[in-house]
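Let's take a walk through this structure together. Please have the sequence and the 3D view side by side as you read.

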Amino acid sequence: MKTELYNMVARSRVNRRRLLQGAASAGALAAMGARPAMAEAHGSVRAEILKIPGVGMGSPTDADWQKVGELCLGPTKERVAEGEFAGVELTFMGLNNQNLHNFLFRGFLKPWEAYTGATINWIDLAQADYNARLQQSIATGTVDFDIIEMGAPFEGDTAGRGLLDEMPEWVKEQIEADDLVGYLQPPVGTWDGKTYRITIDGDCHTFAYRTDYFGEGAIGGPKVPSTWQEVNAASLALKGQTDPLTGLDAHGFLDPLKYQWGGFGFYFLADRASSYVKHPDSPAWLFEPETMKPMVNNPGWVQAIQDVFDLVAADAYPADQVNADPNTTAFSQFLAGTGSMLTWWGDVGSNARTSDSSVVGDVVGFGINPGSERRFNAATASWEDEMNEAPVMSYIGWGIYVTSRVSGDDLKRKAAWSAAAHLGGKDLSLWTSAYPSGFQPYRNSHFQYEEWEEAGYDRAFVEDYLGSNVDSYNHPNAAIEPRIPGIFQYYSIAEDELVKGINGQYGSAQETADAIAAAWEDITDQIGRESQIALYKASLGM
Amino acid sequence: MSTSEGDLLHVVTADDISDGRRKLGTTVIWGSFAILVIVAALQWADANGRADFGFTSWRPTLYAFCLWSVGLCWGQVLRFGEYGKRTLFVLPAALFVGAMVVFPLIFGVGIALSDWNLSSPDGRQFNGTDNIVEMWNDPFYWNALKNMVWYVLAILPEYAIAFGLAVLLNAQIRARKFFRVAFLLPLMLSPVAVSWMIGKSMLEVRFGPIARFFRSLGVEDVAFFSSPEMARFMIMAMDAWTFIPFMMIMILAGLQAIPKELNEAARVDGAGPWRGFWEVTFPLMLPVSITAILIRIIFKLKLADIVINVTSGGPGGATDTVTSFIFREYRDRSNVGYGTLLAMVYLVIIVIFMTILMKVSERWTRPRT
């Protein structure tokens with residue numbers, strides 16, 4: 001759960017009416033002499049942890065995290081005897097963003113440490129330092145941690161180099177891995193057929209739009225655009241019109257034309273391109289698996305770039321859009337009432353209702369990313385007039401991994417995996433998706449809206465916002481990025497070249513795409529083409 | 001004969017160093033050096049897979065270097081007595097500089113001539129001059145260098161403004177002390193704070209107060225970072241705002257050091273204010289001015305923080321600096337070998353440029369006879 005979403009719910013905490021409703025129900029039950037049926041242990045734990053500290057009862061504290069950790073120890077106790085790991089010392093490397101991540105893990109694992117006897121040392125890193133620290137550890141052979149919180153895109157850098165330990169079968173059972181949403185199922189989390197990752201988060205881009213722009217008589221047309229062709233047409237048609245909410249100029253889709261965002265900006269071009277290029281018959285949409293030849297300059301990608309160029313040429317964006325990075329489009333523009341369509345992670349959904357600077361809370365709707373009326377089939381090198389949707393699973397979420405440092409020591413290995421499994425447990429994950437943790441829902445069981453409603457959440461909002469996530473997660477043609485070494489290097493140079501194209505330094509969208517492709521070829525050659533091909537195919541499960 | 005002969009005035013005790021002590025000193029120095037060489041050789045063999053001694057880090061070599069450093073210092077005292085003790089005032093510092101500056105620099109040259117992408121499974125590979133060729137053909141680097149020329153040229157108007165402000169603050173004006181402190185404030189701000197407060201907030205095109213002010217004046221298209229020229233100018237302006245006070249304070253100090261008698265003598269000789277400034281004050285200020293400009297150039301050549309925060313080098317590379325480009329190459333692309341080469345070449349360019357500039361300025365500031 002993102003902090004902002006929690007805050008939003010916290011504001012709509014128990015009111016007098018709800019309190020009376022609850023009291024009346026309890027009174028009725030008491031009068032009837034009825035006793036609640038004993039729920040099975042699993043269900044009661046879920047209900048119990050959702051009450052810690054209780055929606056609207058303020059931000060959870062370390063004591064709350066420890067309580068949750070204690071209540072969720074059941075699966076650990078089934079597999080580990082008390083004091084079994086006495087004397088074992090483990091090192092855990094993770095993030096300290098927003099005082100979440102490692103801060104929570106410490107609390108969750110404290111009861112685990114007390115029960116098992118193991119001790120955990122912590123390496124806390126800021127997000128900005130994380131990539132460099134990890135890359136340097138890998139490159140210099142100084143991996144000094146046994147357990148790591150890591151994003152799936154780095155699996156190529158780690159699993160691909162034999163730095164990770166394969167997940168034991170008992171861990172899969174303990175974490176109930178079958179419950180993961182569609183796209184987080186293998187091959188994600190696996191490498192060469194072996195499983196390495198305990199998923200603790202999910203990521204995807206979804207489509208956010210202004211409901212007051214679209215509908216009968218609205219300035220954007222009678223229906224919400226569902227394809228990129230419609231998005232561009234609506235964006236052009238909105239030029240010169242007036243925003244119904246702010247009274248300022250109306251605008252359509254908000255592309256972050258600055259793009260340069262440490263590689264993360266490339267996801268926003270990918271949002272446009274995936275519907276053109278991600279063919280249902282193939283998982284590959286960025287590189288050709290047999291050669292690592294970039295697909296980024298094929299007609300589908302070029303069309304996506306051209307779509308952006310067309311809106312630039314038509315002056316359809318707000319002023320100074322060339323300096324708008326994704327943060328600007330989401331938080332300074334869309335939430336502040338500029339523009340009507342956007343693709344982003346879940347934060348926009350939660351911020352729309354909770355941020356003080358948001359003016360669109362009551363006029364925002366969500367859906368999966370737009371599709372395309374035609375798609376490019378790279379295998380036949382031809383366009384197909386078929387409707388195509390391919391939501392991008394941008395970044396694929398965080399996971400817990402165990403490094404091969406523990407592989408030679410059975411006890412330490414079991415301890416490391418037990419700690420990781422505790423953090424990735426099914427019940428504990430419900431709590432992390434419901435309270436501020438830095439993680440989004442990622443299991444099918446997280447989308448049982450009744451549980452959320454019972455915990456005090458607004459069902460309509462949860463269904464709309466989380467519904468767009470689950471639809472994207474489970475989309476059969478979801479575009480999943482390759483988990484190969486240096487993937488963000490490819491994205492970063494693409495951002496630089498794309499910006500040059502937007503600023504007219506290349507003659508056309510094709511030239512821009514060719515420049516990106518040439519830069520990608522250089523990176524592939526530098527990292528090693530043969531190894532990249534092998535790792536790419538492994539990441540695609542081929 | 002003592003090595004300190006001829007320097008007896010500075011020797012507190014007369015050393016009578018025996019041959020045995022001298023030999024011990026020589027043995028300590030060469031013995032510790034031999035240990036260093038042997039440990040380093042063993043580690044090198046271990047690191048290159050020629051032997052397996054079970055080394056897990058380069059710390060043994062570091063410890064051997066420390067041992068040799070101590071041995072070298074101790075050996076000086078053993079061999080040369082009092083004179084050797086005097087050597088100890090400099091030798092540890094020299095060894096420290098060697099270890100912390102010279103060695104990393106040499107190591108850095110090795111990395112600069114390597115193909116080392118942190119994501120590459122092959123690790124660091126020596127690739128000779130390939131990185132230099134790549135740099136030669138890299139339009140991003142040349143574009144950044146070209147931008148640096150513009151940024152450096154902007155120092156001239158900055159200097160003129162700083163000189164003007166310094167002259168004003170040197171004059172008998174009201175609240176002079178207040179203005180001196182007030183004008184210094186921007187220098188106390190972190191460039192990162194300037195980037196966010198001014199570049200990302202006040203100049204923000206949608207809600208920034210400056211943009212709103214211009215809109216209220218009827219300016220339709222208010223955008224400070226959209227066109228290449230305007231964006232470059234705004235970066236220059238923010239950087240200038242931060243660092244003009246630095247030049248101003250140096251010039252002010254210089255102005256206050258000029259004897260008043262000189263200007264009074266000029267006035268007695270019939271020089272007006274402009275002629276007095278141009279013929280007396282300005283020439284006398286040349287050494288200070290050149291120093292201020294040279295230091296400012298060094299600051300300017302490192303310009304990166306404002307660019308990274310506000311424009312990321314855009315639009316289309318118009319505001320990119322060499323340092324911000326190297327930052328992207330390192331942070332976003334983990335391209336350590338190439339990034340190091342770019343930094344090394346930039347260092348060489350800066351050294352050559354500054355040397356030429358100092359030689360030329362020396363000629364300018366030489367008193368005319």
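**From the fold of chain A to its partner**

In chain A, 76% of the contacts with a separation of 6 or more are between residues 24 or more positions apart. Keep in mind as you look around that this is a predicted model.

Let's stay with chain A for its overall form. Its secondary structure comes to 21 helices and 12 strands. Along the principal axes, the C-alpha trace of chain A spans about 70 × 60 × 35 Å. How does the radius of gyration fit with a compact globule? For 542 residues, such a globule would have a value near 24 Å, and chain A has 24 Å, so the two agree. As for burial, 56% of the 542 residues of chain A count as buried.

You will find Arg374(A) in the loop between strand S9 (364-367) and strand S10 (375-377) of chain A. Setting aside neighbours within four places in sequence, Arg374(A) is in contact with Trp383(A), Glu384(A), Asp385(A) and Glu386(A).

Next, turn to the place where the two chains meet. Here 32 residues of chain A are in contact with 26 residues of chain B. On the chain A side, helix H7 (127-139), helix H19 (487-502) and helix H20 (509-527) each supply at least two residues. The most comes from H19(A), with 7 residues. By class, this side of chain A has 10 nonpolar, 16 polar and 6 charged residues.

Finally, follow chain B itself. Chain B is divided into domain 1 (8-128) and domain 2 (139-365), and the C-alpha centres of these two domains lie 42 Å apart. Where they touch, 11 residues of domain 1 of chain B are in contact with 7 residues of domain 2 of chain B. Helix H4 (91-112) and strand S1 (114-115) of chain B each supply at least two residues of the domain 1 side, and H4(B) gives the most, with 4 residues. The residues on that side of domain 1 of chain B divide into 5 nonpolar, 4 polar and 2 charged.

Terms used
Residues numbered from 1 in each chain as written. Chains lettered and ligands numbered in written order. Predicted model: local features only at pLDDT ≥ 70, side-chain atom pairs only at ≥ 80, totals over all residues. Contact = placed C-beta atoms within 7 Å. Nonpolar A, V, L, I, M, F, W, Y, C, P; charged D, E, K, R; others polar. Rg over C-alpha atoms; globule rule 2.2 N^0.38 Å. Buried ≥ 20, exposed ≤ 12 C-beta atoms within 10 Å, placed from the backbone. Domains from an automatic or database assignment.
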